[in-house]
Amino acid sequence: MSDIKSYTVLSSAVEHRLLEKNSEFITFLQPVSDREQALHWLQHYREHYKDAAHVCWAYIIGNTRQPQTQAFSDDGEPSGTAGKPILHVLTERELGNCLAVVVRYFGGIKLGAGGLVRAYSAAVSQAAQQAMLTIVSPQSLLRIAADFALEARIRQLLAQFDATLLDVQYQQGVALSVSLAAADLASFKLQLQELCAGAVSLTEPTA
């Protein structure tokens, strides 16, 4: 069974600058919906900052706790000092559907492996503080069949659960197609059965 919990995604782009021992770290957080879009934006930043020492990055698509896909790159920095720390921040801050690119201009002072990890982590963490997030709630579809007399009560319950009424059909009774948060499905079905004293038929379309 898939995770039905709500999760957050990046809703708007962020740009942030950090200066660490004369090295400049320019962070870009870009909303993306799939791998192709992430790679498209990555190419954009690479071309725009051709003179930079490094263009390190990470992206994560979907729920950060259960990502559809993710990837990262150190782009020439010592292994494990840039891409992984960037991805770690995206995961910890729950920045789903996000590409993070950190452009580094070397300032002449070496930071060492530990210093690089801290710098890249700080660069993305500070950018994340400015990020606007959108909550994504997985939805479930439900078809409800009942007597006409129960329609008003069912509609009232739908409103309580903030469910969306997709379609209504009247034949021998009333058939309502609805969409509601997957996390609320079990509770809704239980209350609906109680409300209608069991005189209701429920089916869950796959799409």
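Author: A helix, as the word is used here, is a DSSP run of H or I with at least four residues. R35 lies in one of these, helix α1. Please keep in mind that the model is predicted.

Reader: Is R35 buried, partly exposed or exposed, and how do you know?

Author: Its relative accessibility is 42%. Buried would need a value under 20% and exposed one over 50%, so R35 counts as partly exposed.

Reader: What does R35 touch, leaving aside its neighbours within four places in sequence?

Author: R35 is in contact with Y59 and I61. Q171 lies 136 residues away from R35 along the chain, and the C-alpha atoms of these two are separated by 46 Å.

Reader: How does the reach of α1 compare with the span expected at 1.5 Å a residue?

Author: α1 has 14 residues, and from its first C-alpha to its last it reaches 20 Å. That is close to the expected 20 Å.

Reader: Why are the buried residues of α1 said to be on the same side?

Author: The buried residues in α1 include A38, L42 and Y45. They cover an arc of only 65° around the axis, and therefore they sit on the same side of α1.

Reader: Which exposed residues does the face turned away carry, and what do the buried residues of α1 pack against?

Author: E36, H40 and H48 are the exposed residues on the face turned away from the buried side. The buried residues of α1 pack against β3, β4 and β6.

Reader: What makes D34 a cap for α1?

Author: A side-chain oxygen of D34 lies 3.3 Å from the backbone nitrogen of E36, at the N-terminal end of α1.

Reader: Where in the chain do F28 and Y49 sit?

Author: F28 is in strand β3, while Y49 is in the loop between α1 and β4, and the two are 21 residues apart. Both of them are buried. Ring pairs also join F28 and Y49 with W41 and Y45 into a cluster.

Reader: How many residues has the largest nonpolar core, and what gives the most to it?

Author: The largest nonpolar core has 26 residues, and F25, L29, I86, L90, L95 and Y120 have the most contacts inside it. The elements giving two or more residues to this core are β2, β3, β4, α2, β6 and α3. α3 gives the most, with seven residues. As for I86, its contacts beyond four places in sequence are C56, W57, A58, A100, V102, Y120 and V124. A second, separate core of 18 residues includes V178, L185, L192 and V200.

Reader: What makes the buried residues of α5 lie on the same side of the helix?

Author: L185, F188 and L192 are buried in α5. They cover an arc of only 60° around the axis, which puts them on the same side of α5. The face turned away carries the exposed residues A186, L190 and E194. What covers the buried residues of α5 includes β8, α4, β10 and β11.

Reader: How do you know that the buried residues of α4 line one face?

Author: In α4, the residues E151, I154, L157 and L158 are buried. Seen down the axis they fall within an arc of 125°, so they line one face of α4. On the other side, A152, Q156, A159 and Q160 are exposed.

Definitions and conventions
Residues are numbered from 1 along each chain as its sequence is written. This is a predicted model: local features need pLDDT of at least 70, side-chain atom pairs count only at pLDDT 80 or more; totals for chains, interfaces and linings use all residues. Side-chain values use heavy atoms; hydrogens and water are left out. Buried means under 20% relative accessible area, exposed over 50%, partly exposed in between (1.4 Å probe, protein chains only). The arc is that of the directions from the helix axis to the C-beta atoms. Contact means heavy atoms within 4.5 Å. Rings of Phe, Tyr and Trp (its six-membered ring) pair if their centres lie within 6.5 Å; planes under 30 degrees apart count as stacked, over 60 as edge-to-face and the rest as tilted. The expected span of a helix is 1.5 Å times one less than its number of residues. A polar contact is a pair of N or O atoms within 3.5 Å; within protein, one must be able to donate a hydrogen and the other to accept it, and residues adjacent in sequence count only if both atoms are side-chain atoms. A nonpolar core is a set of buried Ala, Val, Leu, Ile, Met, Phe, Trp, Tyr and Cys residues joined through side-chain atoms within 4.5 Å.
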